[in-house]
Amino acid sequence: MNTKELVCLVARLADEKKAENIRLIDLNGLSSLCDYVLIMTALSKPHLEAVEEEISKKLKEIGIYKTNRDGADSLQWRVSDYGAFLVHIMTQEARDFYALDKIFSFGTVIDFKKSVKAVKKTPAKKKPTKKTTAKKTGTKKITVRKTAAVKTVKKIGTKTSKKTPTRKTVKKSTNTTKKK
């Protein structure tokens, strides 16, 4: 999934959680900060928290994690940095005051509902535990699969080696924003 598809998915998730006035702005090649900015309005603090949690939860499920977050205690504004895109969830008062729509007016507004076809929600496939035996050497290779991590253990005598996967993140630059 490319960044545009991913940010459109995030906009649709926010729309499903009843965020209002969702604006997706393409800054690709126009800003060193990020490629896309997603700005939306929440109706209250609980609504703001629910929208942020839904986005974070769904992206974690597909292996995308925040690189930074600001406004954890704020009643009016939360920003999540996913590297290639920023997600701003604001109350109407904060949105009017900070006018991010005007600040990023040099970018192109994208209609996320028409831009990219909806991504099908497919459940993660579970693979069965595999056991294989190497020929002639007498070594045994066992792959153990758990819910969040995959560990491959190769036993040769008493020596073992473990490998764990790394988290995927969408990154454009190391710059982050902390505007309030």
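**Exercise 1.** Which residues are buried in α1?

The model is predicted, so local features need pLDDT of at least 70 and side-chain atom pairs count only at pLDDT 80 or more, while totals for chains, interfaces and linings use all residues. Residues are numbered from 1 along each chain as its sequence is written, and side-chain values use heavy atoms, without hydrogens and water.

Solution. Buried means under 20% relative accessible area, exposed over 50%, and partly exposed in between (1.4 Å probe, protein chains only). In α1 the buried residues are L6, V7, C8, L9, V10, A11, R12, L13 and A14. After α1 comes K18, with a positive phi near 70°.

**Exercise 2.** Classify the ring pair Y82 and F85, then the pair F104 and F106.

Solution.
1. Rings of Phe, Tyr and Trp (its six-membered ring) pair if their centres lie within 6.5 Å; planes under 30 degrees apart count as stacked, over 60 as edge-to-face and the rest as tilted.
2. This rule gives 4 aromatic pairs.
3. Y82 and F85 are stacked, because their ring centres are 5.1 Å apart and their planes stand at 20°.
4. Y82 is buried at 2% relative accessibility, and F85 is buried at 0%.
5. For F104 and F106 the centres are 6.4 Å apart and the planes at 50°, so this pair is tilted.
6. F104 is buried, with a relative accessible area of 6%, whereas F106 is partly exposed at 45% relative accessibility.

**Exercise 3.** Which aromatic cluster includes W77?

Solution. W77 forms one aromatic cluster with F97 and Y98.

Definitions and conventions. Helix = DSSP H or I, 4+ residues; strand = E, 2+ residues; numbered from the N terminus.
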